[in-house]
Amino acid sequence: MSASAGDRELLGTPLDNTKEEISGPSCIGDSGKQDLAVCTGSSEIKSCAVVKYSAAPPPTSYALLQEKTDLKLPPANWLRENPQLGSAGTTILGSSSKSKPFSSFGMAYDFIDCIGDDVDVVSDSENIKKLLKIPYSKSHVSMAVHRVGRTLLLDELDIQELFRRSSQTGDWMWLKEFYQRLIDQKWQRKKKSKEHWYQKAILSKFLYYSINGDGAAEPVPDNLNEGEKENGAEEFSSSWPTTFTSAPSDIEESDSPTQESVSVDSKFALGQVTSVPKEQNLPTLFDEGENSQGLRNDFVRNIMWAFEDIHMLVGSNMPIFGGGRYPAVSLRLRDNNKPINILTGIDYWLDNLMCNVPELVMCFHVNGIVQKYEMIKTEDIPHLENSTFSTRVVKDIAQNILSFLKSNCTKEGHTYWLFKASGSDIVKLYDLTTLCEEAEEEKYQNPFTLPVAVLLYKVACNLKARLNRKHYGTIRTLLLNCVKLLDQERHPQIIASAHYMLSELEDDDDEEDLTEDSDDNVTYTNCSSPQDDSKAVAVIRSVGELSVPEKYKSTHPIRPSSAFPVSQDKEERCRHVLSYVLKGLKAVDGSIKKESDLPAADPNTPIPLKYEDGNAIGACAAEKGISLLLDRVGPLQEEQNHPTRSGMIPGSWQHRMKLQLFLKASKAYYVLSDAATNLLKYGRALRYIKLSLQCYDAYCSVSGLLHPHVLQFHSQSLSLCGDIQLMLAQNASNRAAYLEEYSYQTKEDQEILHSLHRESSCQAFNMITDLAMDPEYQLFVSSKCYEAAYELLISEALKDHASDQLAPVLKRLGNIRNEMGVYYMNQAAAMQTEKEVKKVVSAAEQELWKKSFSFFENGMVDFEAIGDSTNTALLLCNTGRLMRICAQAHSDISADQSRGEFSPEEALYYNKATDYYLRAMKSLASRENHPAVWDSVNWELSTTYFTLATLLQDYAPLSRKAQEQIEREVTDAMMKSLKYCDLQTESARQPLYQYRAATIHHRLASMYHSCFRNQVGDEHLRKQHRSLAELHYSKAVGLFLILKDAPCELLRTLLERVAFAEFTMAGQSSSGAKLKSLTGALEIMTDTRYAFQLILKELQEEQIELSEPEPAESAESTNMASGPTLGLNLQEVMKLTGVFEPSFSFLLLQLIKLMTTMKRKPSKKDEDLLKTYRNVYSKLLRAEKNAALVSRVELYVELLQQLASQTASEDTGTRL
């Protein structure tokens, strides 16, 4: 060893101080796993390497061989396996072992987290060096390139080895012919020279001497001759994997005897596809214990190497030694007579950079005899004599090659071929996948097809496990390209799993922005278009271009369609889900060997979705069907252990995948049904929920145990089915349109149904998903759906999981019971109206009452269970209405429509009704809790009391009760009704409350008026009745005046009040008292002018409408105008005017008589009043008796106005 070499210092950071990390991806082998990072840098280049995995032990010191050691003699340990040398320990090829064709895939499988995003290149270090030496080397280059996301996988494509294999099988002849045309010469296989094997053997022996520590040459048995060495070279070198159509004998047998039955094509993938992440709920795809030929990661080290801005995952087998002041060095053997050339220098420099080796130990020999050692720093390698090169140029070459490949290798799943002929300066890139398609060859003759597809699938699974929706566009592209590469008959498992994952992407209901978040959304400028070869995708005309800085640089997005296409239309998204589910089901069905016993069904023949008429089914059949439903709803308890109907074995991948696909289809149809319900397309919604439940039925047939989340979903499906049946019952008028929607069926739905029928008859839920014609049956089915959902939620399997779903289901259950109670209540009311004579309540009516009452009671229990006081109040209100209907049914109406006395049964039911209304008010507690419901209950309670009082007053049960008792009961009911008349709150009901309150006061006044007239003897009681009558008449008039739309009622009340005053006057004897009573009565009569003004206004408006009809109006509108426009009852008006005129005349006449016979001298005021009375009386007498009603009303208004004016002037004079 030279002194100068011995004094050299180590470059970079010593490994003792390196940063140690834990890598995410799993590693193969038994060795420990470390991430060792060492960064080197200078003014020219930046390099940083992280050892992701190493199978070699820590570096040990190398043995320094004595001078004159003969390396032609093998050491005693030669060719024995040694972990220090890695794969170099079992091959005479040394550290420059030949790359395996799938080496990049082995690394990609082990470090799947890095693929598609973080890494630009995955390859063997030998391939990287070969690419970077292209401008300096005349050697040929042949590499397969595959793209996954932003990652390129590079593998050596030994075209001659491929053709040697193909000559035996006949495969790839199209490529062989193309290759011969390409190089324009007859293909010949080149053989390695003896000198080549001699140099390799010398290097191998040198390495074994270096780890042996003994410089003595220990001979090996003489029977190892040169020919055996060559055979050994062939034995230990990697061979090209056979194509998928090769005979099994050509394939390297696995150590495991269990692999003998594995198909030829499966050996390239089994064991390399990891199980799908647990988050996706996918079955494990393959047995991870199996490893296939050519796909193992056999490198001693896997290194994450950052060379400038290029990130590479490289595999290296270079032996590394250490010890003393040199913890990491690489050993090289050189012939002292041959200078180091630039290619060798680049080799040494790149090897040391990639493996973080700061120094190189060079051993020089002459004809195998060791001469000397020399130590060289890694940074000095580019400046060695005869081997000088620019590291910046090497960096430019790397960047240009990467840009060229990324720019043109754009199709994921395609196999690209990078080729440079020996001695040529032109580099060409071909798309072998496209060439294969043009040659009409099977894509499976490409040996890269399955490894690429598996890698695409694994990367998609890894991205999906990150739960980042911004990766969904990439995942979708990866899976679609994976499916394109595979044949369904050969790889049904991966295809089914890929389609299931695609359906999951579409099924995600989140609508956030899905733009791909990637730093690699750029591609690179295309090189000049090829002129000499139309088959090439791209051509580098001269390797010298690669040395030009930034010859190929980024310009536009590499993946313009990376954004995941999210449709806002739920139906469209669900249709995509179902499309993927169907493809997955076809893949699974095609893989099941045992044919079904079912007759072959034509997928083009629709499966009818029959509807049934509820009346025709009958109650017994309905109950039987619903009981079967409830049996099917319950959770299954036992795991299935026998083959399914189609022949699937429980626990197989087909079994697990079908479970997932059936459930996914069921959920997709559920979403479609829910969306159709929101669009009021109830026929379509029922069809979709039927398909959803059929998928669930098939799921139950295949699964032996239902998980809680599945049962929860089923409960939701039953609830939705109940909602749809309820809506169909409430919208019976559109049944024809619903039937048309229900009967429609797509081809996709038919094919999914045929797949379902391979496992189940799918009849379990027919009773609740048929389109019936009877609303009662639909309500019944709806209630049973809710009951089944409720029973499921409170079952043992879900009692601890579904607490949040229990309240909505109970609310639906209470609602449907309310609907059914209302339905039967309306049926009972309709039956009453159809009866001509009501004498005895029929048994049918009573049965309807009982049904209605039972549903109302059960509904109240449901709402009370969830503390829903508002809906409880509504059901109590409906029960009160039912009691009123019962009361009406007990009224005695004869054939002539006259009715008898108010019966005790009526009183009983009306009192029950008020009890329920009062309970409803108590349930609500206050108006603030729910104003609308409170006002409704308040109104109904007031109405019930008013009806009870009115019937008692109009049809008094005098045969059973005394008059005084009836009057007390009427007064009590009227006052209670008045109590609940909300006159203060401004609402739509306020005028109704005012009218009712006015009517109550009027009726009470009339009753006390009658009592006053008929009371004899008890003067105190008479005075009380008189006072109450005056009070209620006054309040009634005040309220009717506020209403402004009840002139007849106001007029009647005033006339009754006048009559009351006249009756009071009849019992008076003195003239003064009589004059006072008559004057008061006339003042009341004068107040009727307001009522007559309203009547006159309506009559005049009616005349205008009749005399001037609109020309555009139709005959129908004219006929409608012929009646009173504002609801004026002309017959009532004429009747009241008939009472008004005689009473008015009588008052005027009596006043005139009394004032003219007065003994005292009349005052000026009295004379004016008398004159006015005479004038008004005269006009009234001379009025035309047969005049039109409007004329007579006009006269009344005029006369009353004259009296009112005189009275007003008198009042003014008095005040003055």
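Select glutamate 550 first. Glutamate 550 is exposed, at 58% relative accessible area (exposed means over 50%, buried under 20%, partly exposed in between, with a 1.4 Å probe and protein chains only). Glutamate 550 sits in the loop that runs between S14 and helix H14 (570-591). Helices (H or I, at least four residues) and strands (E, at least two) are DSSP runs, numbered from the N terminus.

The model is predicted: local features need pLDDT of at least 70, side-chain atom pairs count only at pLDDT 80 or more, and totals for chains, interfaces and linings use all residues. Residues are numbered from 1 along each chain as its sequence is written, and side-chain values use heavy atoms, with hydrogens and water left out.

**The whole protein**

Zoom out. The protein has 38 helices and 14 strands. Of its 1216 residues, 53% count as buried. Residues 24 or more positions apart account for 76% of them.

Go to alanine 536. This residue is in the loop between helix H13 (492-507) and strand S14 (538-540). Is alanine 536 buried or exposed? Alanine 536 is buried, because its relative accessibility is 7%. Next, select leucine 418. The C-alpha atoms of leucine 418 and alanine 536 are 9.7 Å apart, with a sequence separation of 118 residues.

**H13 against H17**

Show H13 together with helix H17 (residues 653-678). The two pack at an angle of about 25°, and their axes are 11 Å apart. Axes are lines fitted to C-alpha atoms, for helices over the stretch in contact, and angles run from 0 to 180 degrees between N-to-C directions. H13 and H17 are therefore roughly parallel (under 35 degrees; over 145 is roughly antiparallel, 65 to 115 roughly perpendicular and the rest oblique). H13 passes H17 in a left-handed crossing. Left-handed means that the near helix is turned anticlockwise from the far one by less than a right angle; clockwise is right-handed.

From H13, the residues in contact include Pro492, Ala496, Tyr500 and Asp507. On the H17 side, look for Trp653, Met657, Gln660, Leu661 and Lys664. By class, this contact has 6 nonpolar, 4 polar and 3 charged residues. Ala, Val, Leu, Ile, Met, Phe, Trp, Tyr, Cys and Pro count as nonpolar, Asp, Glu, Lys and Arg as charged, and the others, Gly among them, as polar.

**H25 against H26**

Move to helix H25 (residues 843-865) and helix H26 (residues 869-889). They pack at an angle of about 165°, with axes 9 Å apart. That makes H25 roughly antiparallel to H26. The crossing of H25 and H26 is left-handed. In H25, select Trp849, Phe853, Phe856 and Phe863, which are among the residues that meet H26. In H26, the partners include Leu875, Leu876, Leu882, Met883 and Cys886. This contact has 12 nonpolar, 6 polar and 2 charged residues.

**Cysteines**

How many disulfides does a search of the whole structure find? The search finds 0 disulfides (pairs of cysteine sulfur atoms within 2.5 Å). Cysteine 721 is in no disulfide, and the nearest cysteine sulfur, that of cysteine 785, is 3.9 Å away. Cysteine 721 counts as buried because its relative accessibility is 0%. Now pick cysteine 700. Cysteine 700 is buried too, with a relative accessible area of 4%.

**Two positive phi values**

Select asparagine 367. Its phi is near 55°, a positive value in a residue other than glycine. Asparagine 367 lies in the loop between strand S10 (359-366) and strand S11 (369-377). Asparagine 367 counts as exposed, at 54% relative accessibility.

Then jump to lysine 1044. Its phi is positive, about 70°, although lysine 1044 is not a glycine. The loop here is the one between helix H31 (1019-1043) and helix H32 (1047-1066). Lysine 1044 is exposed, with a relative accessible area of 55%.

**Last stop**

Finish at leucine 157. Leucine 157 is found in the loop between strand S6 (151-156) and helix H4 (159-169). Leucine 157 is buried, at 4% relative accessible area. The C-alpha atoms of valine 145 and leucine 157 are separated by 9.2 Å, and the residues are 12 apart along the chain.

Conventions:
Contact = heavy atoms within 4.5 Å.
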